[in-house]
Amino acid sequence: MTTAFRLRVFGGLRMWREGVEMAIGQPRQRVVLAVLLASRGAVVSTAELVDVLWPEDPPASAVNQVQRLIGHIRRLFEPELLNREPGRWVRPVGDGYRLRLDGSGCDLVSFFDLVASARAALAGEDGRDAVQKYEQALETAQARPFAGLPAGLLELPAFVSVEVARNEAAVEAADLAIGELRARRLLPLLIRYAAGAPLHEPLQARLIRLFAVTGRRAEALVHFEQVRQRLADELGADPGAELMAAHLEALSDPGAPAGHRPAQLPLQAAGFAARDDLAGALEAGRGTGLVVLSGMGGVGKTTLAVDWAHRLAPDFPDGQLFLDLRGFDPSGRYLRPADAVDTLLESIGIAPAPAGDTLDARTARFRSALAGRRMLLLLDNARDSAQVGPLLPGAPGCLVVVTSRNRLPGLVAHQGAWPVHIGRLNLATARDLLVRRLGAERMTAEPAATDELIRLCAGLPLALSIAAARVAIDPAAKLSDVVGDLRSAAHRLDVLETGERDVDVRSAFSSSCALLTEPAARLFRLLAVHPGADASVESIASTAGADVRAALAELTVLNMATPAGAGRVAVHDLLREYATELLDASGGERAPAEQRLVEHYVFGTYHAYCMFRLAPPVDLGPVPPGVFPPPFADMSAAMAWYAAERATLAAVVDLALDRGWARSAALILLHLRPLRSARVESPVDALEQALRVLRAVEDLGDPGLETAMLREVAVSARYPEPDLARALLARALALAERENDLVAQAQLHRNMGINPYLVPAPERLDHLRRAVGFARRAGEPSVLAYALEALAGELSDQGGRTAAAAYAGEAFRVAGCAGMAAYQTVIAVKRAEVAFGAGDLRTSAEMAEWALVHAAPGANYTLVLAGLSLARAALGIGDRERARAGADLFYDTLQQHGDEFVASWGAAEVAEYRTIVDRVVAALGSADGLQ
């Protein structure tokens, strides 16, 4: 019988025709349809339908209303059916109606057909077919029938018979599953049916037996207790004979719990130094039920976890479990999850699972055994999240503490684990550790050696403990002896050994490296090349010559590299030492990695230099393969990069000099000049290194590069050693004239003209006019803008304010046309100064504000001088609010960068600037408020 409709009763009454769901109609119409369906083809009299719809006092029109409802229902099945036609599906029979359906059109009919087929297969001893049919039947009817209809309706015999049939089918399927191995796949379905009939003792008894025969006896016992309690609470009854028999069957297992209370925590370390810096994080994680302590090898994770667990133990009266998962065992043989579960089961007095049981079955057995208990589990030395997942309790009340070198992001993401990262000891805690191991007297006797020992051990508890042990076992030994050994050893890790196998820092690191993939292991070795305290991801990629994101993520997860801010990572000092050992032993990896790293910073500084729109010292050409210098979207990004890389850049220049790459070292320094000037860095900071680079460049036979480096060293030496600066500029000018280098000549005459320490006043204007002349002939706008700005400043200082204003305006326009946004703000400050000297206070204030609006973050020179100019000019025109704003900015910038300004300009000039602003503030009458 082909149907164009489909009816569903399990999970609620719904109907589809031609694949489109239909609105069944008003509540009484739904009730009539439900009664017809529940009768499963039997005739339902009109009187029965009236009684269902109006249990008390039906109206006189009740029969007519039933007939109309039947008519509406018939047209749900056959929309084109005419009045008084009998139709195919809802047919009148005597004084009643019958709904004709088959299994293809209704899940209720299908369920009963499947159960009948299952019973027939069982009678014919076809167990495979019986299992299949029961499974299909239970899946079809797993939702409650006729959900959403009035509760009183569902108490009618026709509806009750459907619920009874569901439970009978579940009981029959459970009986089959108990004796038929292939039928045990029905267990998840039977668990759901039992949950829906919590007081159905035959079904609950069979579920308990089924748990027992599948090796989940602990779960069977827990389930019996839950059923017993429910019967008592809701019915005031005890379990019946069938339930008691199932319970006794589960108890017959020799592995059933017997009140065993484990206490397995290891001994607390006698010299443990409390990690007060982690106390808040540990306490915050306690309520989550799952805490992950992660950190590099030797950082003291287990010692901390054991100490914390002992302090928490009284809160867990059912016992404490400890299991070393051997995730980083030097042998490489870690504890498999299935074996770990069996060990934990034995620890709480339950026999291990049968040999054929799956990991899921073992896990369910363990979780059932812990249900209702309050236990503390310390899982030490976990390899990864997959090893830990099956060992977690399934019910609240327990606390699991996991230690691992792996950050276990899977547990954090999917199980809501509370992560606590264990880093190096701070100075106070490191001292406390040494006091506990050696006594305060020995520490007090050698304070300097104590501090250096902590530094050489880099705050690593394992290293400090080994160093302390060397002193503790030898009464004649001193801390200074160990410090001397650490300082003089070719490899510090040689000193941090105990003489016992696998009890040293190198072994701890080695076992972590053993788990790395080859790309991650190679990257770890190459991290030894990078000289910075931390490193950008781009520079690490250049060191490796490849995309390192996946390998770096692996190192980070295993705590062999540590995030150090956006896009940066750091490596512990001793891990770097170990990486150096591996790199030196690898052969051939160091030199090309160092070359790529140096080129990374050559091109990185070049890209930053280009943000200033200046003519570069050398055209570098394309970036070499395998080098990934950072791109910069704007000046702010370049300045931020330089601030982060400043210390590393100095180290890379030294590396390039050590390797004989003088050209690369020189280019890095030359590219950094505008960045250093914008930050008003002390020239003395770069002088010693610049001199070394200059000496190396003199041997290259490159007059252009030598000229640029002579100028660079002269700029650094102009304040501390003016005689040296004059001599270097003279040499550079001679070289530039010999090579007819117009750009260099313009730059050098400008350098001579802007510094009162080098050239007397009458000669400065001459140098600056020549600088402008050479710049115009060279046709390089960036050089011309610098020369014009310098000439404007000197003319203003010497009284030629009209000409100064003209040159400053031209410099501003040239810089603007050349896209020199950063230098244009400097020129704006100069225009503000020139305008103030000429008495044009409004122009002075406007140019100072323009500079402040357009200055890049970190342009400290611009900020402090523009603040000064705005303060005094705004005061002069009576604009007190702008004057206060300028003074505020001046004081704030001076407070943050005053030492740099003093080093760059001298204390007298800085004091003069401050005096000017102090007078402005005094005139405003709010000096205290602004300062």
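Which helices do the buried residues of H10 pack against? I looked this up in a predicted model.

**Entry: H10**

I started with the extent of H10. It covers residues 217-235, which is 19 residues. From first C-alpha to last I read 26 Å, close to the 27 Å expected at 1.5 Å a residue. Next I listed the buried positions in H10: Ala218, Glu219, Ala220, Leu221, His223, Phe224, Val227 and Leu231. These buried residues pack against helix H9 (201-213), helix H11 (241-251) and helix H15 (359-370). I then stepped just past the end of H10. Gly236 sits there with a positive phi of about 65 degrees.

**Entry: H33 and H34**

I turned to helix H33 (residues 703-717) and helix H34 (residues 722-738). Their axes are 8 Å apart, and the packing angle is about 160 degrees. Angles over 145 degrees count as roughly antiparallel, so H33 and H34 are roughly antiparallel to each other. The crossing of H33 past H34 is left-handed. I went through the contact residues. From H33 they include Leu710, Val713 and Ala714; from H34 they include Leu728, Ala732 and Leu735. Charged residues also take part, among them Glu706 and Arg711 in H33 and Arg731 in H34. For the contact of H33 with H34 I noted 13 nonpolar, 1 polar and 4 charged residues.

**Entry: Pro59**

Last, I checked Pro59. I found it in the loop between helix H2 (46-53) and helix H3 (62-77). I left aside neighbours within four places in sequence and looked for contacts. Pro59 touches Trp54 and Gln65.

Notes:
Residues numbered from 1 in each chain as written. Predicted model: local features only at pLDDT ≥ 70, side-chain atom pairs only at ≥ 80, totals over all residues. Heavy atoms only, no water. Axes fitted to C-alpha atoms, helices over the stretch in contact; angles between N-to-C directions. Helix = DSSP H or I, 4+ residues; strand = E, 2+ residues; numbered from the N terminus. Parallel < 35°, antiparallel > 145°, perpendicular 65-115°, else oblique. Left-handed = near helix turned anticlockwise from the far one by under 90°. Contact = heavy atoms within 4.5 Å. Expected span 1.5 Å × (residues − 1). Buried < 20%, exposed > 50% of the residue type's maximum accessible area, 1.4 Å probe, protein only.
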